[in-house]
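Try each task before reading its solution.

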Amino acid sequence: MNQPSLQDVFRARGRIAGIAERTPLIESPRLSRTLGSRVFVKLESLQRTGAFKVRGAANRILSFTAEQRQAGVITFSTGNHGKAVAYVAGRLGLPAVVCISEHVPAYRAERIRELGAEVVVKGHSQDEAEREYHRLISERNLQPVVPFDDPYVIAGQATIGLEMLEDEPELDTALVQLSGGGLGAGGGLALKEINPRLRLIGVSIERSPALLESLKAGRPVELEERDTVADSLLGGIGMDNRYTLQMVDRYFDEHIVVDEPEIELGMSYMLSEHSLVVEGAGTAAIGALLQRKITNLGNKVGVIASGSAVDLAQYLETMSRLLR
Ligand SMILES: *Cc1c(COP(=O)(O)O)cnc(C)c1O
C-alpha cells in the first residue's frame with residue numbers, strides 16, 4: 001500500500017470493530033473554564049491493553065492474508081505496541097513472538113507473556129533484539145508488525161480522529177503527541193482530510209523530539225535517549241522512515257515542545273479532576289493547555305489521553321508529591 005487515504009481509515013474502522021473499543025470523548029470542565037474553550041479528551045487510556053496501539057496492530061494483522069497469518073506475527077517492541085500485538089494475535093488465535101533484550105524489566109516481559117505471546121530474550125541491547133527479530137522472520141516465516149511506519153498501522157490509529165469528529169464535528173483545534181508519528185500521521189489524516197480548516201498542533205517532548213528535529217532537518221535524525229516520565233514517547237522515527245515523517249509534515253500546522261513538569265501536571269490533573277490514570281505520553285498536551293502555552297484555540301479543542309501504562313510505584317510517588 002502507498003500512503004493511506006481516508007477510505008483506508010473507514011476500511012480500518014470496519015475491520016477492527018470487534019477488537020478495539022470505541023472509547024469515550026469526554027469534556028474536561030475545569031480545563032474548559034480555565035481556557036474559555038471547551039476541551040474534549042479522547043480516553044484511549046481506557047482502550048483494550050491500555051493504549052491506542054491496539055487499533056493499528058489490529059488493522060495490520062487483520063489485513064494479512066490467511067496464508068500470511070498462519071505462522072504467526074512478530075515484533076520487537078516492549079511497550080504498548082508489544083502488548084497490542086500480543087493481545088490482537090491472542091484474540092485471533094495466532095501465535096505471536098516479541099523479541100526483547102536482557103535489559104527489559106522482567107515485569108514487562110511477564111505482561112506480554114500473560115497476553116499469550118512468546119517472549120524471546122536475546123542480547124544486551126535493543127539492536128541485538130532487533131537482529132534476532134529479523135532472523136526469526138525468515139527462519140519461522142513470521143509476519144512483522146511494526147509500531148508506526150506502516151500504512152495499515154497509520155490507518156488503524158487514524159480511527160481515533162474519525163471517532164473524535166463523529167462525537168464533536170465542530171472541533172476547531174486538536175493537539176496530537178508525536179513519537180514515531182503513527183498517531184500523528186493517522187490523526188492528521190482523519191482530522192485534516194475531513195476538516196482542512198481544523199488547526200492541528202503537534203506536541204513533542206523536550207527530552208525526545210526526534211520527529212520534530214527530523215521535520216526541521218527534512219530527513220530522519222537520531223537523538224540520544226534521555227529518561228522521561230513520558231516513556232512511551234521515547235525512540236526515533238527510523239532512519240528508513242517512509243510514511244510518518246512526510247504525513248506529519250503535510251498535516252500539522254504548528255508544533256510545541258513540552259517539558260517534564262508540564263507532563264506531570266497533566267497526569268495529576270487527570271487523576272484529581274477525572275480520577276483517571278493517564279501515562280505521561282498521554283498528558284503532554286493537557287499539561288501544555290493548563291500552562292496556557294497556546295492561544296486562539298477557538299470554541300472546541302480535542303486532545304488524546306493515549307495510554308495508561310505507568311510504573312505504579314513511581315506514579316504514586318509523583319502524584320503524592322504533586323497533589324500534597
Ligand atoms: C506509542 C504511543 C504514543 C506515540 O505514538 P507514535 O505513533 O509512536 O507517535 C503516544 N502515547 C502512547 C501511550 C503510546 O503508547
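Axes are lines fitted to C-alpha atoms, for helices over the stretch in contact, and angles run from 0 to 180 degrees between N-to-C directions. Helices (H or I, at least four residues) are DSSP runs, numbered from the N terminus. This is a predicted model: local features need pLDDT of at least 70, side-chain atom pairs count only at pLDDT 80 or more, and totals for chains, interfaces and linings use all residues. Residues are numbered from 1 along each chain as its sequence is written, and side-chain values use heavy atoms, with hydrogens and water left out.

**Exercise 1.** Describe how helix H10 and helix H11 cross, and list the residues in contact.

Step 1. Locate H10 at residues 210–217 and H11 at residues 244–251. Their axes come within 10 Å and cross at roughly 75°.

Step 2. Classify the angle. H10 is therefore roughly perpendicular to H11 (the class covers 65 to 115 degrees).

Step 3. Find the contact (heavy atoms within 4.5 Å). H10 supplies Leu211, Ser214 and Leu215, and H11 supplies Leu245, Val248 and Asp249.

Step 4. Sort by class. Four are nonpolar, one is polar and one is charged. Here Ala, Val, Leu, Ile, Met, Phe, Trp, Tyr, Cys and Pro count as nonpolar, Asp, Glu, Lys and Arg as charged, and the others, Gly among them, as polar.

**Exercise 2.** Which residues are closest to the ligand?

Step 1. Count the shell (a heavy atom within 4 Å). The ligand is surrounded by 14 residues, and the closest are Lys53, Asn80, Gly181, Gly182 and Ser306.

Step 2. Class the shell: four nonpolar, eight polar and two charged.

Step 3. Check atom distances. Ligand oxygen atoms lie 3.0 Å from a polar backbone atom of Gly180 and 2.8 Å from one of Gly181. A ligand nitrogen is 2.7 Å from an N or O atom in the Ser306 side chain.

Notes
A polar contact is a pair of N or O atoms within 3.5 Å; within protein, one must be able to donate a hydrogen and the other to accept it, and residues adjacent in sequence count only if both atoms are side-chain atoms. Helices (H or I, at least four residues) and strands (E, at least two) are DSSP runs, numbered from the N terminus. Angles under 35 degrees count as roughly parallel, over 145 as roughly antiparallel, 65 to 115 as roughly perpendicular and the rest as oblique.
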